[in-house]
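Here is a friendly walk through a two-chain model, from the overall make-up down to a single residue. Have a look at the picture first, then read on.

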Amino acid sequence: MNCERIEELLFSYLEDELSPAEKNFVETHLAACQECALLYSASKETREALSGFPEVEVGESLMSKLYAIPEKKKKFSFSLDFLLKPSLQPIFAALTVFLTIMSFYLFNPDKKYIDRSINQKIHLGYSQVEKLYAKAESWTDRLDDYKDNVLGSLKNWKIFGGDKDEAKS
Amino acid sequence: MDLNKVIKECLEGKEGAWEMLVNTYSKRIFNMAYQFGGSYQEAEDLTQDIFLKLYHSLPKYDFEKNFTAWLLTLAKNHLIDTYRKTKWEKANRDDFNEHFLALEAAENPEAGLIRKANRKMVWESLNHLSSEIRMAIILRDIQDKSYEEIAEILSLPIGTVKSRVNRGRLELAKILQEKKEGSDEL
C-alpha cells in the first residue's frame with residue numbers, strides 16, 4: 001500500500017512539490033524500502049535523461065520544401081480556378097449523379113443479370129411497338145373498308161343518281 | 001515579432017511572411033515529430049504534412065486564440081492520427097547515437113557514459129508508451145512546457161495532464177530499471 005502511494009508521490013517529490021508531511025513520509029519509506037529506493041533512483045535518471053535530449057536541426061532540403069508550400073498551392077489553384085465557377089455547379093452535380101449511377105452499374109457483381117434484364121426490357125418494348133404498328137395497320141384497313149362501304153351506299157342513293165331498281169334487285 | 005501581423009500578411013500572400021512562420025516554428029514542429037515517432041525520415045514527412053495543413057487551415061485561425069498552442073494542437077492531432085492510421089512508430093526508433101550524440105558532444109563534453117546510456121535507453125523506451133501519454137511526456141519533460149500550456153494544447157484538464165505525465169514517467173522509470181537490471185545480470 002505504501003509502495004503504491006510512493007509511486008504516486010515520487011515525481012512530485014523530485015520536483016519538490018510535496019508538503020513537509022508528505023516529504024517526510026516519502027523519505028522515511030525510501031530509507032526502509034529497497035525496491036522503492038531503486039525506483040526512485042531510476043525515476044531521477046529518467047527525469048535527467050528526458051530533460052537532456054538536445055534539439056535536432058532541420059535539414060536544408062526540408063526547409064526549402066516548407067518554404068515552397070505557398071508556391072505549390074498557387075500553381076494548383078491557378079490551373080484549377082476555372083473549375084470553381086459557381087455556374088459549373090449544376091453540371092458537376094449532374095455529372096456526379098451520372099457517374100454514381102454508372103459506377104453502380106459497371107462495378108455491380110450482378111452486371112450480367114442487369115444486362116440480361118435490360119435486353120429483355122428492350123425486346124419487350126420493341127415487340128410492343130410492333131404490336132402497336134400491327135394494330136394501327138388493321139385499324140387503317142378497317143377504316144378503308146368502312147370508307148368504301150360508306151361511299152358505295154352513298155352512290156346507290158337516288159339523290160346522287162343511283163339506280164333504285166338495281167338496288168332493289 | 002507580432003505574430004498576428006505575420007499571419008495576416010501570410011493570408012494576404014505578402015512575400016516573406018510565410019517564410020517567417022516557417023523559420024519560427026519548423027524546428028519546434030520537427031523536433032516534436034521526431035521525439036514522438038523516433039524516425040528522422042518520418043519526422044521530415046510529418047513536418048511537411050503539418051505545415052501543409054497549417055497553410056490550408058490558416059484562414060480559419062481565430063486571432064483571439066494563442067497561435068503557438070493552436071499550431072501545436074494541430075501538430076499533435078496530426079501526429080496521433082497518423083500513428084492510429086498507420087502504426088508507423090511501431091517500427092524501431094532511429095538509433096539514438098545517429099542524431100543526438102554529435103550534438104551532445106558539442107554541448108556537454110563532460111557528460112558521463114552512464115548519463116548517455118540512460119538517455120539512449122529512455123529514447124528507445126518512448127515507443128512503449130501510448131501515444132497520448134508519450135505526447136504529454138514530450139511536451140512536459142523534453143520540451144519543458146508548463147502544465148497549463150500542455151492542457152491547452154491537448155485540450156484536457158490540468159489534472160488529467162498531470163496524471164498522464166506521472167504515469168508516463170513512472171512507466172519509463174520502470175522500463176529503465178528493468179533494462180539496467182537486465183544488463184547487470186549479463
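Let's start with chain B: from the N terminus on, its elements run α-α-α-α-α-α-α-α-α. That gives chain B 9 helices and 0 strands. Helices (H or I, at least four residues) and strands (E, at least two) are DSSP runs, numbered from the N terminus. Chain A has 8 helices and 0 strands.

A quick word on the ground rules. This is a predicted model, in which local features need pLDDT of at least 70, side-chain atom pairs count only at pLDDT 80 or more, and totals for chains, interfaces and linings use all residues. Residues are numbered from 1 along each chain as its sequence is written, while chains are lettered from A and ligands numbered from 1 in the order in which they are written.

The table puts the two chains side by side. A residue counts as buried if 20 or more other C-beta atoms lie within 10 Å of its own, exposed if 12 or fewer, and partly exposed in between, with C-beta atoms placed from the backbone.

| Chain | Residues | Buried residues |
|---|---|---|
| Chain A | 169 residues | 9% buried |
| Chain B | 186 residues | 33% buried |

Two residues are in contact if their C-beta atoms, placed from the backbone, lie within 7 Å. Take the contacts with a separation of 6 or more: residues 24 or more positions apart account for 38% of them in chain A, and for 65% of them in chain B.

So where do the chains meet? In total, 34 residues of chain B are in contact with 28 residues of chain A. On the chain B side, α2 (17-37), α3 (40-57), α5 (96-107), α6 (113-125), α7 (131-142) and α9 (158-185) each supply at least two residues. The top contributor there is α2(B), with 9 residues. By class, that side of chain B has 16 nonpolar, 9 polar and 9 charged residues. Here Ala, Val, Leu, Ile, Met, Phe, Trp, Tyr, Cys and Pro count as nonpolar, Asp, Glu, Lys and Arg as charged, and the others, Gly among them, as polar.

In α1(A), the buried residues are I6(A), L10(A) and F11(A). Just after α1(A), D16(A) takes a positive phi of about 55 degrees.

What does α1(A) pack with? Its axis and that of helix α3 (residues 34-51) of chain A come within 10 Å and cross at roughly 35 degrees. Axes are lines fitted to C-alpha atoms, for helices over the stretch in contact, and angles run from 0 to 180 degrees between N-to-C directions. On the α1(A) side, the contact includes C3(A), I6(A) and L10(A), and on the α3(A) side it includes L39(A), Y40(A) and R47(A). The residues of this contact divide into 8 nonpolar, 1 polar and 3 charged.

Finally, zoom in on K23(A), which sits in helix α2 (residues 20-32) of chain A. Why is K23(A) called partly exposed? Because 15 other C-beta atoms lie within 10 Å. Leaving aside its neighbours within four places in sequence, K23(A) is in contact with Y13(A) and L18(A).
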